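Visitor: I am new here and would like a friendly tour. Could you show me what we will be looking at?

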Amino acid sequence: MADISSNFLGIKSPNPFWLASAPPTDKKYNVLRAFEAGWGGVVWKTLGSQVKNVSSRYSAVDYHGGRVMGFNNIELISDRPLDINLKEIKECIKLFPDRAMVVSLMADNNRESWHELIKKVEDTGAHGLELNFGCPHGMTERGMGAAVGQDPEIACMVVEWVMEAATIPVITKLTPNVHSVVPTGRSVVKAGTNALSLINTIQSVTGVDLDTLVPNPYVAGKSVFGGYCGPAVKPIALKFLTTIAQDEMTKKVPVSGIGGVSNWKDAVEFMLLGASNVQVCTAAMKYGFRIVEDMCEGLNNWMDEKGFFTLDDFIGKSVDKITHWEDLDINYHHIAKINQDKCIHCGLCYIACEDTSHQSIRIEKGNPYNTYTIIDSACVGCNLCQLVCPVDQCITMEEHRVAPEYVNWIEWQKRGLPLNDH
Amino acid sequence: MIESNRLTEKQYKDNFSDIHPPFENKTAAQVDANRCLFCFDAPCTKGCPTSIDIPKFIKQIANDDIKGSAHTIFKSNIMGAGCSKVCPVEKLCEGACVYNLLEEKPIPIAKLQRYATEKAMTNQWQFFSRKAAAGKKVAIVGAGPAGLSCAHVLSREGVDVTIFEKEKKGGGLMTYGIAAYKVTPEFCEDEVNYILAIGGIEIKYEQELGKDFTLAYLKKNYDAVYLGMGVGVARQLNIPGEKLEGVVDAIRFIYDLRDKGFPSIPVGDHVAVIGMGMTAIDAATQAKRLGAKKVTMLYRRTQEEMPCTQVELDIAKLDGCEIIWLASPQRVKGSKGKVKQLVCSKMKLGEPDTSGRRSPIDTGETFTLDVDMIIKAAGQVPYEKIVTKYKLDNKYGKITINEQCATNIKGVFAGGDAVNGGKEVVDAVQAGKDGAKAILKFLKIA
Ligand SMILES: Cc1cc2nc3c(=O)[nH]c(=O)nc-3n(C[C@H](O)[C@H](O)[C@H](O)COP(=O)(O)OP(=O)(O)OC[C@H]3O[C@@H](n4cnc5c(N)ncnc54)[C@H](O)[C@@H]3O)c2cc1C
Ligand SMILES: Cc1cc2nc3c(=O)[nH]c(=O)nc-3n(C[C@H](O)[C@H](O)[C@H](O)COP(=O)(O)O)c2cc1C
Ligand code: SF4
Ligand code: SF4
């Protein structure tokens with residue numbers, strides 16, 4: 001059995017699965033249930049300024065019969081009294097001393113407010129602080145949340161205030177509502193943050209009600225941009241994570257990966273791309289806390305299968321596999337192959353390639369089943385047919401190198417090799 | 001003993017309730033609609049004789065466009081609602097669905113088709129309108145699926161259609177033949193009315209070709225004629241004792257059952273059903289559901305050669321019908337003019353015959369069943385007399401047509417069971433479409 005225990009800046013947890021700062025971590029009742037279910041840690045719902053929420057608050061994107069591919073909210077930070085939150089945090093730590101307790105903060109935009117809040121939170125015995133520089137709605141209008149995260153200078157200033165007061169590890173949570181997370185990441189690392197976490201939610205409109213013509217979520221005939229999360233944002237989160245894991249400056253601090261983690265596979269992918277642990281919100285909000293069982297078991301089984309004993313054995317292993325386009329090997333070539341024994345003759349590969357790709361699939365009409373085969377000479381190896389094929393392992397991509405040696409774009413040009421020759 | 005009124009009202013109701021219940025709600029329909037892969041050049045569509053664009057109509061259900069879905073169906077098959085209840089889908093669309101190749105349940109195409117079309121009928125969504133009057137008149141004989149489908153296409157093109165129907169109701173065997181647990185008389189009537197709602201189609205009921213009017217009359221008064229009169233009575237067995245009381249024709253038996261109400265239909269204690277086609281299955285299962293104590297089906301070949309599908313055979317078996325393969329009726333024994341016993345020859349399979357199936361050969365051995373009712377369902381006989389009388393080219397009464405659906409008489413077209421000798425409703429609907437297209441060409445419209 002692999003060891004899945006995690007150590008994030010000295011904050012220990014029995015597994016690398018934390019609940020992200022959000023409604024699941026909003027009070028003692030939820031957090032105790034989460035710990036009972038087996039979650040390794042929580043980032044307590046953001047504490048700070050005084051707020052007032054509206055109704056409704058959430059909306060979602062469904063896809064092809066599946067619910068909540070993407071999730072959207074217009075909620076603010078914690079709307080409960082600060083002293084009750086602090087009291088409950090203390091009680092949770094006492095009842096589950098082996099779990100990670102990190103508290104998310106968003107104070108008013110001045111040094112005193114931050115110092116005061118940090119002092120109060122540290123008194124609870126919490127193990128770490130997470131700075132919410134990411135909330136994209138409601139708080140930004142008041143110069144907080146994403147408004148901080150989007151401006152490297154302001155972010156730097158706030159982190160400096162925090163570091164003056166904090167005696168426990170500080171994680172800075174980044175907003176994805178920027179073209180690159182690296183500038184803010186660098187500036188907060190420079191200001192002394194001990195770690196980064198990303199991503200917070202992405203500004204979005206999930207849809208429009210076709211009867212009322214009002215976008216979602218509905219609040220008395222109006223709506224606002226909300227924060228998007230859930231499975232739909234995972235690819236974006238992984239991209240941002242990779243840029244942080246590859247940057248010389250930001251890669252020095254550990255990263256907590258967030259954004260669409262729904263199962264052990266997602267978690268492993270985040271960790272392979274540099275996250276030391278992961279945080280989950282939407283998946284728990286969709287299914288409840290019990291999903292952590294499958295996450296722990298799946299991670300364990302995968303590690304055993306791969307021969308990894310501890311998390312550190314594989315964290316970051318895929319980071320350098322994402323390179324620059326001009327470094328790719330142009331002589332690499334693969335061609336699709338359709339396994340006729342597995343083919344169910346749905347024709348999806350054919351129509352995709354015929355209408356939108358390279359007309360590389362041959363059709364022989366049959367009644368009722370047509371036969372589809374690859375025209376090797378026309379196939380550019382784009383993967384489209386394999387991606388749309390509904391049958392596991394029916395279409396495989398077979399390697400057929402153009403030439404044995406590695407030649408990249410720069411070399412290709414240098415040698416005057418043919419361009420636009422397809 | 002042969003008697004009617006064997007069951008309580010509730011028993012009749014339960015026994016004849018819908019054999020393929022519809023989706024209970026939108027979510028249920030969408031779960032299945034979303035399973036559909038949206039195949040290209042879809043095998044299911046090729047399996048449908050009317051070539052309904054199945055992936056499209058299913059996608060429209062998945063995307064909340066039920067109107068669009070119903071339109072897609074009706075555009076290819078104006079009896080799409082009825083077909084969704086009566087098609088032997090296991091050998092048509094669903095039998096070809098690619099999921100079968102994954103050893104998975106096929107998409108419930110008919111059930112989804114029913115979901116969309118039933119909504120259209122309930123809400124009276126009308127999708128078709130008539131073009132400006134074409135100034136042509138066409139006569140159709142028979143208001144069955146072939147005749148109605150032909151009439152609808154013609155009417156859309158502005159042709160005035162008159163249908164001559166010998167019965168009191170339209171729908172043909174849909175109304176008078178198909179098992180009551182598949183379609184109700186009310187549904188059949190609604191479906192006919194839904195089709196007629198386009199206008200331009202008049203049905204003259206209780207008007208029989210050969211009795212109330214002649215083919216010459218139609219030819220003289222109309223620009224073209226379409227013959228869609230189906231096939232007639234059940235094939236005679238030509239064995240001694242066939243005239244005894246208790247030997248009935250399956251078509252007659254089912255006709256009465258559909259026309260007169262279940263309690264008034266008499267059945268025996270032990271019923272023998274001869275044949276193994278769709279009609280035989282329907283007769284056997286419905287005899288059982290009317291309260292017969294024992295029903296035995298007899299077929300002169302084996303399960304390999306049976307004309308019905310496995311799904312249909314299973315319905316009969318689940319209803320408790322017994323099946324004897326390789327048995328051919330030889331003689332009916334009776335007393336006081338009533339059926340008492342059926343003597344059968346035991347058969348074995350010989351060389352393949354013209355149909356490609358191995359033909360049954362008498363072994364010389366016999367066995368005897370104690371029965372008080374015998375239902376003959378060994379195929380139906382075309383209206384050979386009428387067809388010959390009007391000098392229509394035919395093969396054993398099945399009207400011969402060319403690729404243009406034309407008979408040997410100029411301006412006279414034909415299709416459906418009357419031509420193919422008896423297939424499915426959906427084949428007749430397609431035949432009606434083909435006939436209409438040919439007539440439009442003949443009349444130089446469209
Ligand atoms: C017992 C039974 C069960 C069946 N079950 C199924 C099933 O489950 N699913 C399925 O798809 N198919 C089934 N079929 C087959 C299906 O009913 C037929 O294939 C279909 O109805 C043929 O349509 P049609 O229009 O060609 O003929 P018909 O439906 O037979 O219609 C012909 C019409 O012409 C009228 N007519 C006949 N002679 C004259 C005349 N001289 N003058 C005027 N009118 C005339 C008839 O009254 C009738 O209304 C079944 C058939 C039978 C007998
Ligand atoms: C309803 C809701 C409320 C949230 N509130 C906070 C918050 O108070 N502070 C914070 O840092 N992030 C908050 N988030 C963002 C999540 O912590 C997390 O970063 C994001 O949802 C992406 O993870 P996921 O895809 O697993 O949901 C909230 C998310 C949701 C859905
Ligand atoms: S009409 Fe019949 S065969 Fe055609 S798709 Fe519908 S159910 Fe299937
Ligand atoms: S074959 Fe099956 S999966 Fe494919 S389009 Fe038809 S119903 Fe859908």
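This is a predicted model: local features need pLDDT of at least 70, side-chain atom pairs count only at pLDDT 80 or more; totals for chains, interfaces and linings use all residues.

Visitor: Thanks! Is Leu257(B) buried or exposed?
Guide: The cut-off to know is that a residue under 20% relative accessible area is called buried. Leu257(B) touches Phe16(B), Ala180(B), Phe262(B), Ile265(B), Gln286(B) and Leu290(B), leaving out residues up to four places away in sequence. Because its relative accessibility is 2%, Leu257(B) counts as buried.

Visitor: How many Å apart in space are Leu257(B) and Ala287(B)?
Guide: Along the sequence, 30 residues separate Leu257(B) from Ala287(B). From C-alpha to C-alpha, the separation in space is 9.7 Å.

Visitor: Let's move to Thr285(B). Which residue's side chain joins that of Thr285(B) in a polar contact?
Guide: Thr285(B) sits in helix H14 of chain B, residues 278-289, and counts as buried because its relative accessibility is 0%. Beyond its neighbours within four places in sequence, Thr285(B) is in contact with Tyr181(B), Ile315(B), Ala316(B), Asp319(B) and Cys321(B). The polar contact between side chains spans 2.6 Å, and the partner of Thr285(B) is Tyr181(B).

Visitor: And Thr354(B), is that residue buried or exposed?
Guide: Thr354(B) lies in the loop between strand E10 (338-352) and strand E11 (358-370) of chain B. The cut-off for exposed is over 50%. Since Thr354(B) has a relative accessible area of 88%, the word for it is exposed.

Visitor: Now the two chains together. What area do chain B and chain A bury between them?
Guide: The size of an interface is often given as the accessible area lost when the parts come together. Here, 14 residues of chain B are in contact with 19 residues of chain A. Asn34(B), Phe40(B) and Lys46(B) supply 41% of the area that chain B buries against chain A, more than any other three residues. Of the area buried between the chains, 62% is on carbon and sulfur atoms, and the total is about 1400 Å².

Visitor: Which side chains meet in a salt bridge between the chains?
Guide: Chain B and chain A have 1 salt bridge between them, along with 7 residue pairs in polar contact. On the side of chain B that touches chain A, helix H3 (43-47) and helix H7 (93-96) each supply at least two residues. That side divides into 10 nonpolar, 2 polar and 2 charged residues. The salt bridge, at 2.9 Å from N to O, is formed by Lys365(A) and Asp41(B).

Visitor: On to the ligands. How many polar residues are in the shell around ligand 3?
Guide: The residues surrounding ligand 3 include Cys48(B), Cys83(B), Cys87(B) and Cys93(B), and also Asn77(B) and Gln113(B). By class, this shell has 10 nonpolar residues and no charged ones, and the number of polar residues is 2.

Visitor: How many nonpolar residues does the shell around ligand 4 have?
Guide: Around ligand 4 are residues of chain B, among them Cys36(B), Cys39(B), Cys44(B) and Cys97(B). Others listed there include Leu37(B), Pro55(B) and Tyr99(B). None of the shell is polar or charged, and the nonpolar count is 10.

Visitor: Which residue has a polar backbone atom 2.9 Å from an oxygen atom of ligand 2?
Guide: Ligand 2 is surrounded by 23 residues, with Ser21(A), Thr46(A), Lys173(A), Gly260(A) and Thr282(A) the closest. A polar side-chain atom of Asn200(A) is 3.4 Å from an oxygen atom of this ligand, and a polar backbone atom of Ile199(A) is 3.1 Å from one. At 2.9 Å, the residue is Gly230(A).

Visitor: Last one: what is the phi of Glu103(B)?
Guide: Glu103(B) is in the loop between H7 and helix H8 (109-122) of chain B. Its relative accessible area is 72%, so Glu103(B) is exposed. Although Glu103(B) is not a glycine, its phi is positive, at about 55°.

Methods. Residues are numbered from 1 along each chain as its sequence is written. Chains are lettered from A and ligands numbered from 1 in the order in which they are written. Side-chain values use heavy atoms; hydrogens and water are left out. A residue is near a molecule or strand if one of its heavy atoms lies within 4 Å of it. Ala, Val, Leu, Ile, Met, Phe, Trp, Tyr, Cys and Pro count as nonpolar, Asp, Glu, Lys and Arg as charged, and the others, Gly among them, as polar. Contact means heavy atoms within 4.5 Å. Buried area is the accessible area (1.4 Å probe) that two parts lose on being put together, summed over both. A salt bridge is a side-chain nitrogen of Lys or Arg within 4 Å of a carboxyl oxygen of Asp or Glu. A polar contact is a pair of N or O atoms within 3.5 Å; within protein, one must be able to donate a hydrogen and the other to accept it, and residues adjacent in sequence count only if both atoms are side-chain atoms. Helices (H or I, at least four residues) and strands (E, at least two) are DSSP runs, numbered from the N terminus. Buried means under 20% relative accessible area, exposed over 50%, partly exposed in between (1.4 Å probe, protein chains only).
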